[in-house]
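Dear colleague,

Please find below the structure that I am handing over to you. My notes on it follow directly after.

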Amino acid sequence: MAERHLLADLGGTNTRLALADGTGLLPYTIRRYLNDAFDSFESVVSAYLSETAPGPVAALCAGVAGPVLEETAQLTNYAWHIDANALRQITDAPHIHLINDLQAQGYALDDLPPDAVTPIFPGQPAPPDAPRLVLNLGTGSNVAVVHRRPEGLFVPAAESGHSALPHATGRIGAIFDHLGDLQSHRPMETAISGPGLSNIHAHLTGARLSSTDIVNAAHHDPDARNTLALYCEILGLIAGNFALHHLPAGGLYLTGGLAQSIAPFLPGSAFLDRFTARGPYTAIVTDIPVSVITDDSFPLLGCARYLRQVTDR
C-alpha cells in the first residue's frame, strides 16, 4: 500500500478529514463532521480512522482556524485546543504539522480544478510569480498571501482578521462604532465574517438573522437587500486595504460559504468602487482580478501540497 497522509481542515463549525497518497488528495475519502457532535478534535480523528481504516499514517497536516504556536493550536471561534503530541498518540504518525487554515487555503491555489474558481472582476493578467491573496468569509475571517518560490509555494501565517477596522464615517462609521461595542478591539471579522453580516443586519433593523437567512431574504426583502448591499461595500473597503498591504497582482480569492453566497450580488454592488478607491494606487488595485472559490474541501488540497513540499525538502 502507498504511504498515506491524513489531512484535516478545522473550521469554527465543521471539520473535514481526508487521506492522500503519492498521487495527492483521494476525494472519495473526504468526510465532514459537525464540531458540536464531538468533544475534541482528537475524537473526530479517532472516529475518522475507525470509519476508514486507512492503515499506517505517515504524516498528518491540519489547517486550523486559529493561531498556531509550534505544536499547539487554538480554534478562535470554537473551544478546541489542538496538541500535536495527542495526535501522535492517536494516529501513530511520526510527523504532525499544524498550520493556519488560511495557509492551507493558500497552498491549495495551484491544485484547484478550473471549475472551482468563479471570476467576479477580471482585472489584468499578471506574471506567474505575482503574489496572490486569499480572503476567507466564514465563521471568522482572515487572509493569507501566497508567494511562488523556486522550492515551492510559501504562505506565511497571519491573523489579519483580528486587526482593527479602518476609519470610516457616515453609515459605515456608525456600524463600526456599534461593532466596537461588541468587541472592544474592533476586529475586521466582526464586520465581514458570517456573524459580521448578522451584526450589520441587527444594527440596521433590530432583527437578528443568520447570514444564510439574510442572503436568501435579499432576493425579496428590502431590509435584507439593504444589509447585503452595505456589507458588500464594507467588504470592498476592507479587501482594498488588504490589497494595498500585499499587492496581490495575481488575484484576490474570496473563500468560504458566505463568499459563495454573496458572489451573485457583488457585481451590482459598491464592492468594486470601494475596493479600488485608493488614490494614486487606484490603477494598481483595479488591475487585481477578484474571484470566488466554490470548492468547500479545497483546504485539504493545500494540506496535501504542504506535506509534499515538506517531504521533498
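Through how many residues does a hairpin join β1 to β2? The hairpin that connects β1 with β2 has three residues. Please bear in mind that this is a predicted model.

Strand β1 covers residues 4-10, and seven of its seven residues are buried, so the strand is largely enclosed by the rest of the structure. Both of its faces are covered. On one side lie Arg 4, Leu 6, Ala 8 and Leu 10, and on the other His 5, Leu 7 and Asp 9, all of them buried.

Strand β1 is joined to β2 (residues 14-21) by six bridges, and these two strands run antiparallel. Within this pairing, Ala 8 has Leu 17 of β2 as its bridge partner. With β4 (residues 57-64), β1 runs parallel, and seven bridges join the two. Here Leu 7 is the bridge partner of Cys 61 in β4.

**The six-stranded sheet**

An open sheet with mixed pairing is formed by six strands, in the order β9-β14-β13-β10-β11-β12. Its edges are β9 (117-121) and β12 (152-154); each has a single partner strand, so one side of each is left without a neighbour in the sheet. On average, neighbouring strands of this sheet are turned by 30° against each other, direction ignored.

In this sheet, β10 (residues 132-137) and β11 (residues 141-149) run antiparallel and are joined by six bridges. Val 134 is paired in this way with Ala 144 of β11. Helix α8 (residues 222-246) packs on the sheet and touches β10, β11 and β13 (252-255). The direction of α8 makes about 145° with that of β10.

Yours sincerely

Key
Residues are numbered from 1 along each chain as its sequence is written. This is a predicted model: local features need pLDDT of at least 70, side-chain atom pairs count only at pLDDT 80 or more; totals for chains, interfaces and linings use all residues. Side-chain values use heavy atoms; hydrogens and water are left out. Buried means under 20% relative accessible area, exposed over 50%, partly exposed in between (1.4 Å probe, protein chains only). Helices (H or I, at least four residues) and strands (E, at least two) are DSSP runs, numbered from the N terminus. Two strands pair if DSSP finds at least two bridges between them. Axes are lines fitted to C-alpha atoms, for helices over the stretch in contact, and angles run from 0 to 180 degrees between N-to-C directions. Contact means heavy atoms within 4.5 Å.
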